[in-house]
Amino acid sequence: MTTVGPATGSAAPVRLTGYARGGGCACKIPPGELEAMVAGLLPPPSAAQALSPGQTMGPGQALGRDEDRLLVGLDDGDDAAVVRTGDGTAVVSTADFFTPVVDDARDWGRIAAANALSDVYAMGGRPLVGLNLLGWPRDVLPAELAGEVLAGALDVARAAGCLVGGGHSIDSPEPLYGMAVTGLVDPDRLLRNDAGRPGVPLTLTKPLGVGILNNRHKRTGEVFAHAVAVMAALNDRASAAALEAGAVCATDVTGFGLLGHLHKLARASRVTAVVDAAAVPVLDGARESLRAGYVSGGTRRNLDWVRPHLDAGRAGEDQLQLLADAQTSGGLLVAGEIPGHPVIGELVPAVAGTTLVIR
């Protein structure tokens with residue numbers, strides 16, 4: 001898609017990333033600020049403190065929730081809400097949207113749809129229907145470009161076997177796109193972030209580094225097709241493999257980075273996570289781009305958030321920034337060994353004051 005430059009009359013490509021302050025999941029509200037916002041909505045911690053390390057609440061034991069049917073809610077910042085329906089199944093519901101992460105409109109739609117669907121897969125569910133969430137600066141960018149975003153999302157939803165049933169749009173100063181997704185999940189086979197146990201390995205199903213490469217793309221216009229392919233890939237097979245392997249604990253790695261999401265998982269599960277930094281897969285070009293300074297503000301905020309709970313060992317700052325890199329549509333982080341994917345560490349008994357150890 002091109003537009004006509006007002007001064008010269010010449011055709012110029014539309015760089016969608018230039019119309020947004022942030023990009024992709026790096027534009028999330030920082031995790032510390034977000035937790036402060038919702039703190040007043042959470043139940044008092046007294047009953048949770050009675051749990052032993054590694055112990056979690058089962059169905060019907062949800063603290064401070066209005067109904068026992070809400071199996072997963074606000075408590076531990078899991079990937080989606082889960083509600084028991086009463087007929088032996090449960091509904092999983094999520095919403096996710098963000099500003100452009102790449103300049104190609106159709107690719108942005110594909111990535112945003114895969115990212116929204118990932119929350120359902122991260123809970124062990126299967127998506128049924130998605131609703132478009134679109135914000136568009138209609139006096140600045142052509143409507144045809146928004147159509148390309150929607151078309152890209154539809155392509156990915158169809159590949160997932162997920163219907164798309166309309167949605168909602170607004171006129172906004174920045175382009176925004178995502179989906180609200182509803183799916184089904186077996187309530188007895190949930191993947192949740194508070195079910196980790198000591199002695200269980202950790203598996204990561206996509207490489208890190210898309211945040212760094214996206215930041216380089218935004219600043220230089222360079223296109224990294226392999227990063228786009230990773231972001232647009234669904235996590236459906238990884239979710240199915242996790243369930244097949246008997247996993248009960250998982251999350252997906254998005255805007256809070258590997259360290260941020262792993263900190264939340266370890267904290268919720270009352271364990272400590274040990275990461276073998278050398279085993280973590282990284283996209284080609286990411287390390288070089290990091291050394292060149294293409295690090296997003298979101299990545300730095302992620303690292304600042306986890307530092308008080310982190311034993312970094314001998315890891316240098318570059319390595320820590322890579323592990324905290326703000327991902328968009330990243331892989332699943334599974335407590336369990338998943339064939340075909342690297343084991344990057346393990347969960348161990350809780351170490352006081354420390355949820356993360358780098359070795």
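This is a predicted model: local features need pLDDT of at least 70, side-chain atom pairs count only at pLDDT 80 or more; totals for chains, interfaces and linings use all residues.

**Note on helix packing and burial**

1. Within helix α6, the residues Ala-227, Val-228, Val-230, Met-231 and Ala-232 are buried, where buried means under 20% relative accessible area, exposed means over 50%, and partly exposed lies in between (1.4 Å probe, protein chains only). The cover over these buried residues of α6 includes α3 (105-122), α4 and α5; contact here means heavy atoms within 4.5 Å. Helices (H or I, at least four residues) and strands (E, at least two) are DSSP runs, numbered from the N terminus.

2. Residues are numbered from 1 along each chain as its sequence is written, and side-chain values use heavy atoms, with hydrogens and water left out.

3. On the overall composition: the chain holds 11 helices and 15 strands. Of its 359 residues, 51% are buried. Among contacts in the chain with a separation of 6 or more, 83% are between residues 24 or more positions apart.

4. How do α5 and α6 pack, and at what angle? Helix α5 (residues 210-220) meets helix α6 (residues 225-232) at an angle of about 130°, and their axes are 10 Å apart. Axes are lines fitted to C-alpha atoms, for helices over the stretch in contact, and angles run from 0 to 180 degrees between N-to-C directions. The two helices are therefore oblique to each other; angles under 35 degrees count as roughly parallel, over 145 as roughly antiparallel, 65 to 115 as roughly perpendicular, and the rest as oblique. The crossing of α5 and α6 is left-handed, a term used if the near helix is turned anticlockwise from the far one by less than a right angle, with right-handed used if clockwise.

5. The contact between α5 and α6 joins Val-210, Leu-213 and Asn-214 of α5 to His-226, Ala-227, Val-230 and Met-231 of α6. By class, these residues divide into 5 nonpolar, 2 polar and no charged. In this scheme Ala, Val, Leu, Ile, Met, Phe, Trp, Tyr, Cys and Pro count as nonpolar, Asp, Glu, Lys and Arg as charged, and the others, Gly among them, as polar.

6. Helix α5 also deserves attention for its burial. Its buried residues are Val-210, Gly-211, Ile-212, Leu-213, Asn-214, Asn-215 and His-217. These pack against α6, α9 (286-291) and α11. After α5 comes Gly-221, which has a positive phi near 85°.

7. Helices α3 and α4 pack at an angle of about 45°, with axes 7 Å apart, and are therefore oblique to each other. Their crossing is right-handed. Residues of α3 in the contact include Ala-105, Trp-108, Gly-109 and Leu-117, and those of α4 include Leu-145, Val-149, Gly-152 and Val-156. The contact of α3 with α4 has 11 nonpolar, 2 polar and 4 charged residues.

8. Glu-144 lies in helix α4 (residues 143-159). Is Glu-144 buried or exposed? Its relative accessibility is 53%, so Glu-144 counts as exposed. Glu-144 and Ala-105 are 39 residues apart in sequence, and their C-alpha atoms are 9.8 Å apart in space.

9. A further pair is helix α8 (residues 257-269) with helix α10 (residues 297-306), whose axes come within 8 Å and cross at roughly 35°. This crossing is left-handed. On the α8 side, the residues are Gly-257, Leu-259, Gly-260, His-263, Lys-264 and Arg-267, and they meet Asn-302, Leu-303, Trp-305 and Val-306 of α10. The contact of α8 with α10 comprises 4 nonpolar, 4 polar and 2 charged residues.

10. Arg-270 is in the loop between α8 and β11 (271-275), and counts as partly exposed because its relative accessibility is 30%. Ser-329 is in the loop between α11 (317-323) and β13 (332-335), and counts as buried because its relative accessibility is 1%.

11. On the cysteines: Cys-162 counts as buried, at 4% relative accessibility, and Cys-249 is buried, with a relative accessible area of 1%. If a disulfide is taken as a pair of cysteine sulfur atoms within 2.5 Å, the count comes to 0 disulfides.
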